[in-house]
Amino acid sequence: IYGCINADWGSKIYILDGCQFNVAGSAHIYSHNNAYIEADATYGVSGSAANHILVSLNGSFQHLVNIDFSNSVSFSSAFVQSAMGGAAQFSGAINLLSWAVAGKRAQADSNSVIQSATGAPNTYFPGSSNFTEAGGGRVL
């Protein structure tokens, strides 16, 4: 699985000004194999994908800014998904701006972690169904 932004093998990627995610077949943002992605500027989402964010194999994602939606979208797997030791931490706002998001809010599997900015993942993450946890994964 590869994303629009794909960090692999310990690399680091910083999302800066002007990023807009349109339709994708897999994930908009994918961090795996000990890689790190950090969002340092507000970015937009205007298209559907399997996941907006996918972290796996000890990959990580740090969300420090706002995510602004500019269309109704759906995520066939989950808005954010972590697996096999992946970690995703959110501290910025997610602004739907009157658009709808369909799909699961979050999914954490196999000893991975997803941390919402508010501690209330079913109201913080966008989607039409609540988060799930399996195999020691945690959504906080």
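**Figure 1. Cysteine sulfurs C19 and C4 in the predicted model.** The coordinates come from a predicted model. For C19, the closest cysteine sulfur belongs to C4, and at 8.4 Å the two are too far apart for a bond. A search of the whole structure returns zero disulfides.

Figure 2. Six strands make up an open sheet with parallel pairing, in the order β2-β5-β8-β11-β15-β17. The edges are taken by β2 (12-15) and β17 (138-139); each has a single partner strand, so one side of each has no neighbour in the sheet. Strands of a sheet pair through backbone hydrogen bonds, either parallel or antiparallel. Strand β2 runs parallel to β5 and is joined to it by four bridges. Within this pairing, K12 has Y36 of β5 as its bridge partner.

**Figure 3. Strand β8 between β5 and β11.** Strand β5 (residues 36-39) is joined to β8 by four bridges, and the two run parallel. On the β11 side, four bridges also join β8 to β11 (residues 87-90), again in parallel. H63 of β8 can be followed across both pairings: A39 stands opposite H63, and H63 stands opposite F90 in β11. In a regular strand the side chains alternate between the two faces of the sheet. In β8 (residues 60-63), S60 and Q62 lie on one side and F61 and H63 on the other. These four residues are all buried, and both faces of the strand are covered.

**Figure 4. F61 and the largest nonpolar core.** The largest nonpolar core contains 33 residues, and Y43, F61 and F90 are those with the most contacts inside it. Elements giving two or more residues to this core include β1 (3-7), β5, β6 (43-45), β7 (49-56) and β11. The largest share, four residues, comes from β10. Leaving out residues up to four places away in sequence, F61 touches I15, I29, I37, A39, Y43, I53, V55, A87, A88, Q89 and F90.

Figure 5. S31 is part of strand β4 (residues 27-32). Its relative accessibility is 1%, so S31 counts as buried. Neighbours within four places in sequence aside, the contacts of S31 are A7, Y36, I37, L54, V55, S56, G59 and S60. One of them, S60, is itself a buried residue of β8. Another, Y36, is the bridge partner of K12.

**Figure 6. Aromatic pairs around F79.** Nine aromatic pairs are found in a search of the whole structure. A pair of aromatic rings is described by the distance of the centres and the angle of the planes. F75 and F79 have ring centres 5.7 Å apart and planes at 75°, so this pair is edge-to-face. Both F75 and F79 are buried. F79 also pairs with F125, in a tilted arrangement with 6.2 Å from centre to centre and 40° between the planes. This second pair links distant parts of the chain, since F79 belongs to strand β10 and F125 to the loop between α1 (121-124) and β16 (132-134), 46 residues apart. The relative accessible area of F79 is 0%, and F125 counts as buried at 1% relative accessibility. Ring pairs link F61, F69, F75, F79, F90, Y124 and F125 into a cluster.

Figure 7. Most residues other than glycine have a negative phi. W9 has a positive phi, near 50°, and is not a glycine. W9 is located in the loop between β1 and β2. With a relative accessibility of 69%, W9 counts as exposed. L97, also not a glycine, has a positive phi of about 50°. The position of L97 is in the loop between β12 (94-95) and β13 (101-102).

Key:
Residues are numbered from 1 along each chain as its sequence is written. This is a predicted model: local features need pLDDT of at least 70, side-chain atom pairs count only at pLDDT 80 or more; totals for chains, interfaces and linings use all residues. Side-chain values use heavy atoms; hydrogens and water are left out. Buried means under 20% relative accessible area, exposed over 50%, partly exposed in between (1.4 Å probe, protein chains only). Two strands pair if DSSP finds at least two bridges between them. A nonpolar core is a set of buried Ala, Val, Leu, Ile, Met, Phe, Trp, Tyr and Cys residues joined through side-chain atoms within 4.5 Å. Contact means heavy atoms within 4.5 Å. Rings of Phe, Tyr and Trp (its six-membered ring) pair if their centres lie within 6.5 Å; planes under 30 degrees apart count as stacked, over 60 as edge-to-face and the rest as tilted. A disulfide is a pair of cysteine sulfur atoms within 2.5 Å.
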